[in-house]
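Try each task before you read its solution.

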Amino acid sequence: MHRYPINIFYSEEDGCYVAEAPDLKGCTAVGDTLEEALRELQIAIKNWLEIAQEKGLPIPEPSRLAKAA
């Protein structure tokens with residue numbers, strides 16, 4: 001499986017953690033905890049890649065290798 005870099009930050013405005021995979025346009029998730037946001041993002045990345053593959057869309061290479069969890 002591809003390992004994409006992620007960004008996670010706390011949004012004061014929304015009152016939750018936001019996680020994003022910047023290499024995958026629009027691939028974001030939220031959670032009440034950092035861990036929940038990360039879990040949700042892992043699901044979102046899997047779904048993003050599956051849908052892109054089903055539709056025959058290009059799947060970008062990770063911009064940098066993310067560390068193994």
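A contact means heavy atoms within 4.5 Å. This is a predicted model: local features need pLDDT of at least 70, side-chain atom pairs count only at pLDDT 80 or more, and totals for chains, interfaces and linings use all residues. Residues are numbered from 1 along each chain as its sequence is written, and side-chain values use heavy atoms, with hydrogens and water left out.

**Exercise 1.** Find the share of contacts with a separation of 6 or more that comes from residues 24 or more positions apart.

*Solution.* Start with the elements. Helices are DSSP runs of H or I with at least four residues, and strands are runs of E with at least two, numbered from the N terminus. The protein has three strands and one helix. Their order from the N terminus is β-β-β-α. Now take the contacts with a separation of 6 or more: 37% join residues 24 or more positions apart.

**Exercise 2.** Decide whether cysteine 16 and cysteine 27 are buried or exposed.

*Solution.* Buried means under 20% relative accessible area, exposed over 50%, partly exposed in between (1.4 Å probe, protein chains only). Cysteine 16 has 10%, so it is buried. Cysteine 27 has 4%, so it is buried. Of the 69 residues, 25% count as buried.

**Exercise 3.** Classify the aromatic pair in the structure.

*Solution.* Rings of Phe, Tyr and Trp (its six-membered ring) pair if their centres lie within 6.5 Å; planes under 30 degrees apart are stacked, over 60 edge-to-face, the rest tilted. The structure holds one such pair. Tyrosine 10 and tyrosine 17 lie 4.9 Å centre to centre, with 70 degrees between the planes: edge-to-face. Tyrosine 10, at 38%, is partly exposed. Tyrosine 17, at 25%, is partly exposed too.
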